[in-house]
Amino acid sequence: MSASTGSADGKQRPARSSYVAWDRATLRWADIDVYGHMNNARYFELIDTVVNDQLAAAVGTDIRALPAIGVVAEVSCRYFAEVTYPGSLDLGIYVERLGTSSIVYRVGIFQGEPDRGGALAAAEGRFVHVYVDNTDPARPVTPLPAEVRAAVSPLVR
């Protein structure tokens, strides 16, 4: 990744330039926990939502109706700085790996102005979709549908 800086634990904080596509979310009062920062569960909701919103928009159809669908095989989040209410979040996304039957996404969560405190990610999620046969009740792993591969290819870094 480009232009990142280390955090106290040695992990790198990604910069906005690391991401290919963007979305935005508004923080709600309910997103904040008793300690005054965004609840961990909300990070995972945002990561899941931005991946699936990006995919659905790029494919241009109901992704749930495709003959092969992506199921979540792994999701994780690295935290670098608090996200607080009120405000909005910029959500950057790129594809780290485009495989035969899986896609690994990275989602950067940013708060603040890009030329100020919001230049580096407050958090970064890793999200893995594995594609399964949506027509078979056993749901065996299957290759990515051509329309999904075409839709996410521009996101590959």
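Guide: Helices here are DSSP runs of H or I with at least four residues, and strands are runs of E with at least two, numbered from the N terminus. On that basis the predicted model has two helices and seven strands, arranged along the sequence as β-β-β-α-β-β-β-β-α. The radius of gyration is 16 Å, close to the 15 Å that the globule rule gives for 157 residues, so the protein is as compact as a globular protein of that length. Its C-alpha trace spans about 45 × 35 × 30 Å along the principal axes.

In soluble globular proteins, nonpolar side chains tend to be buried together. Here the largest nonpolar core holds 34 residues, and those touching the most other members are Met 38, Leu 55, Leu 89, Ile 103, Tyr 105 and Val 148. Two or more residues each come from β3 (21-26), α1 (40-59), β4 (68-79), β5 (88-98), β6 (102-110), β7 (123-133) and α2 (146-152). The largest share, seven residues, is supplied by α1.

Setting aside neighbours within four places in sequence, Leu 55 contacts Ile 63, Tyr 105, His 129, Tyr 131, Val 148 and Val 152. Two of these partners, Tyr 105 and Val 148, are also among the residues touching the most other core members.

For the protein as a whole, 69% of the contacts with a separation of 6 or more join residues 24 or more positions apart. Of the 157 residues, 40% count as buried.

Note on methods: Residues are numbered from 1 along each chain as its sequence is written. This is a predicted model: local features need pLDDT of at least 70, side-chain atom pairs count only at pLDDT 80 or more; totals for chains, interfaces and linings use all residues. Side-chain values use heavy atoms; hydrogens and water are left out. A nonpolar core is a set of buried Ala, Val, Leu, Ile, Met, Phe, Trp, Tyr and Cys residues joined through side-chain atoms within 4.5 Å. Buried means under 20% relative accessible area, exposed over 50%, partly exposed in between (1.4 Å probe, protein chains only). Contact means heavy atoms within 4.5 Å. The radius of gyration is taken over C-alpha atoms; the globule rule is 2.2 Å times the number of residues to the power 0.38.
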